[in-house]
Amino acid sequence: MSGYTIALDQGTTSSRAIIFDGKLSPVAVAQREFPQIYPRPGWVEHDPEEIWASCVAVISEVLARAGLHAGDIAALGITNQRETGIVWNRRTGRAVHNAIVWQDRRTAPDCARRVAAGEEPALREKTGLLLDSYFTATKYAWLLENDPGIRAAAQAGELAFGTVDTFLIWRLTGGEVFATDATNASRTLLYDIARGDWDEDCLAAFGIARDWLPQVRDSAGDFGRVRDDLFGGGIPIRGVAGDQQAATVGQACFTPGMAKVTYGTGAFALVNIGTTPAPSQNRLLTTVAYQIAGVRHYALEGAIFVAGAAVQWLRDGLGIVASAQETQTLAERADPDQAVYLVPAFVGLGAPWWDSQARATLSGMTRGTGRAEIARAALESVSHQTADLLAAMTADIAAANIPDAGGDGSVLRVDGGMVANDWLLQNLADILARPVDRPRVAETTALGAAYLAGLAADLYPQPAEFARSWSRERRFTPTMADARRAEKRAGWEDALRRTLTPPAP
Ligand SMILES: Nc1ncnc2c1ncn2[C@@H]1O[C@H](COP(=O)(O)OP(=O)(O)O)[C@@H](O)[C@H]1O
Ligand SMILES: O=P(O)(O)OC[C@H](O)CO
């Protein structure tokens with residue numbers, strides 16, 4: 001056995017493979033985008049064959065780039081876009097429908113009907129989630145209801161239902177292993193997060209049989225071996241976790257109260273809450289952060305729908321920046337006296353507001369407002385949304401009596417494409433009034449998946465030692481005066497009030 005691991009990061013728009021050495025330093029990377037399929041407004045699908053082909057290609061490519069062979073790899077870790085559901089034939093391994101992606105809203109009417117019928121509280125109590133079209137079971141139910149062929153084949157026991165990790169494990173092992181990990185299971189609306197098992201009541205609510213679903217294993221565990229013929233030799237699959245959970249592991253947020261935020265197209269915040277799945281009082285999700293050696297650790301999670309997407313809008317929609325990076329130089333020279341606010345509710349607002357009807361506003365402009373002030377407002381909106389989300393998390397953590405290792409005054413760890421922007425991270429520290437740490441290894445999601453795999457393969461140290469070796473590249477410390485912060489927050493709250501859907505009279 002040799003001292004390398006591969007992390008396969010199967011994301012929403014691309015698949016990436018990264019090789020890490022025995023000290024968890026990245027050695028080589030390969031990436032492939034694949035097509036997004038939009039059959040109707042609000043629907044988003046992926047072709048499972050394209051997901052598969054991109055994964056095989058990036059693993060082959062990364063091995064070639066690093067000059068390594070399958071036999072040099074001690075373990076493969078898989079991390080994936082979460083909630084996306086795939087149904088395939090157990091005999092042929094071929095999917096019977098395109099993957100229905102987490103962003104797909106086709107089940108929203110069904111969810112609204114179920115919520116009105118009072119189905120949400122029981123599901124919420126078991127799964128820690130909300131009854132929303134985001135989650136996998138609603139997508140499985142849609143396939144069963146809308147395709148009689150799928151329903152009949154499922155009832156005849158011919159089909160397998162799985163999240164993307166499960167489909168990839170099945171394919172990589174040549175149909176030998178039908179398994180998922182507890183983090184992915186915890187995103188389906190079918191998994192009792194406290195007991196750690198598929199739940200009969202949840203299964204019944206969506207018309208799904210336990211036999212159609214994979215076995216649930218540790219995030220650092222044994223998921224079989226990759227077929228010899230794929231990469232010229234077998235590779236043990238030893239780590240699996242949803243991408244936001246893998247980032248939490250990669251950021252070494254192992255202590256209750258420690259939090260990370262990943263800033264990509266949207267932003268996902270997770271705070272570790274220890275080994276008891278405390279419910280949220282603020283409509284945050286309770287989810288499995290990781291399961292190691294049979295012990296589940298939980299997190300509270302909140303999502304911001306538009307983070308980097310606001311910057312994409314400046315570039316591709318308004319055309320006022322040529323590159324995402326340009327927002328930094330613009331923000332640096334924006335007029336400090338102009339109180340311009342962007343509330344980027346392009347697709348409604350996520351946690352803690354959950355206002356799907358709200359639409360974006362740009363306010364406070366004068367005749368002197370230019371692209372610099374608008375670019376700054378887009379970056380500041382990321383800081384303000386994070387502050388709102390973390391306030392809800394801090395309240396939940398206090399209510400659940402969790403030690404405040406990550407509360408006000410302590411550090412927030414950040415990762416994702418946006419954290420290349422120094423101005424944003426300084427502003428974030430200023431608005432949150434807490435230090436913000438950017439890690440040395442920027443590929444935190446892949447790092448987490450590689451770590452889980454290498455932990456199971458006895459290549460990498462136990463979590464406590466990994467946490468000690470985690471190192472930051474730079475810390476951003478708050479420097480903004482309290483009065484200025486209060487003024488900025490009040491301006492945002494005012495803009496937000498004018499954006500949220502007014503309550504019915
Ligand atoms: N220097 C930057 N400043 C601001 N935003 C950036 C910068 N670099 C990238 N971004 C934004 O980050 C996002 C890409 O991050 P990434 O983590 O690759 O996202 P995802 O995984 O969601 O595709 C894009 O929305 C882009 O606009
Ligand atoms: O693939 P990403 O990075 O957009 O992440 C998607 C999330 O897992 C959805 O819950």
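## The N-terminal stretch

Over residues 4-250 the chain is 35% helix and 24% strand, and its end C-alpha atoms lie 17 Å apart. Helices here are DSSP runs of H or I with at least four residues, strands are E runs of at least two, and both are numbered from the N terminus. The UniProt annotation "domain: Carbohydrate kinase FGGY N-terminal", from an unreviewed entry, covers residues 4-250. UniProt positions follow the numbering used here, feature names are shortened, and annotations may be inferred rather than shown by experiment.

This is a predicted model: local features need pLDDT of at least 70, side-chain atom pairs count only at pLDDT 80 or more, and totals for chains, interfaces and linings use all residues. Residues are numbered from 1 along each chain as its sequence is written, while chains are lettered from A and ligands numbered from 1 in the order in which they are written.

## The five-stranded sheet

Five strands form an open sheet in the order β3-β2-β1-β5-β13, with mixed pairing. Two strands pair if DSSP finds at least two bridges between them. The edges are β3 (26-33) and β13 (237-242), each pairing on one side only. From one strand to the next, the twist averages 15°. Angles run from 0 to 180 degrees between N-to-C directions, and axes are lines fitted to C-alpha atoms, for helices over the stretch in contact.

Strand β1 (residues 4-10) and strand β2 (residues 14-20) run antiparallel, joined by six bridges. Leucine 8 has alanine 17 in β2 as its bridge partner. Helix α1 (residues 48-66) packs on the sheet and touches β1, β2 and β3; its direction makes about 150° with that of β3. Contact means that the C-beta atoms of two residues, placed from the backbone, lie within 7 Å. Helix α6 (residues 164-172) lies across β1, β5 (73-80) and β13, at about 145° to β5.

## The seven-stranded sheet

Another open sheet has seven strands, in the order β16-β17-β15-β14-β20-β21-β22. Its pairing is mixed. The edge strands are β16 (285-292) and β22 (472-476). Here the twist averages 30° from one strand to the next.

Seven bridges join β16 to strand β17 (residues 295-304), and the two run antiparallel. Glutamine 291 stands opposite arginine 296 in β17.

## A helix pair

Two packed helices are described by the angle between their axes and the distance between the axes. For helix α13 (residues 371-399) and helix α14 (residues 422-432), the angle is about 35° and the axes are 9 Å apart. Residues of α13 in the contact include Leu379, Val382 and Leu390; those of α14 include Trp423, Leu428 and Ile431. The contact divides into nine nonpolar, four polar and one charged. Ala, Val, Leu, Ile, Met, Phe, Trp, Tyr, Cys and Pro count as nonpolar, Asp, Glu, Lys and Arg as charged, and the others, Gly among them, as polar.

## Around the ligands

Ligand 1 is surrounded by 16 residues, the closest being Gly264, Thr265, Gly308, Gly417 and Asn421. A residue is near a molecule if its C-beta atom, placed from the backbone, lies within 6 Å of it. Helix α11 (residues 308-318) gives the largest share of this shell, four residues. The shell around ligand 1 has five nonpolar, 11 polar and no charged residues.

The residues surrounding ligand 2 include Gly11, Arg82, Glu83, Trp102, Asp243, Gly264 and Thr265. One residue of the ligand 2 shell is nonpolar, seven are polar and three are charged.
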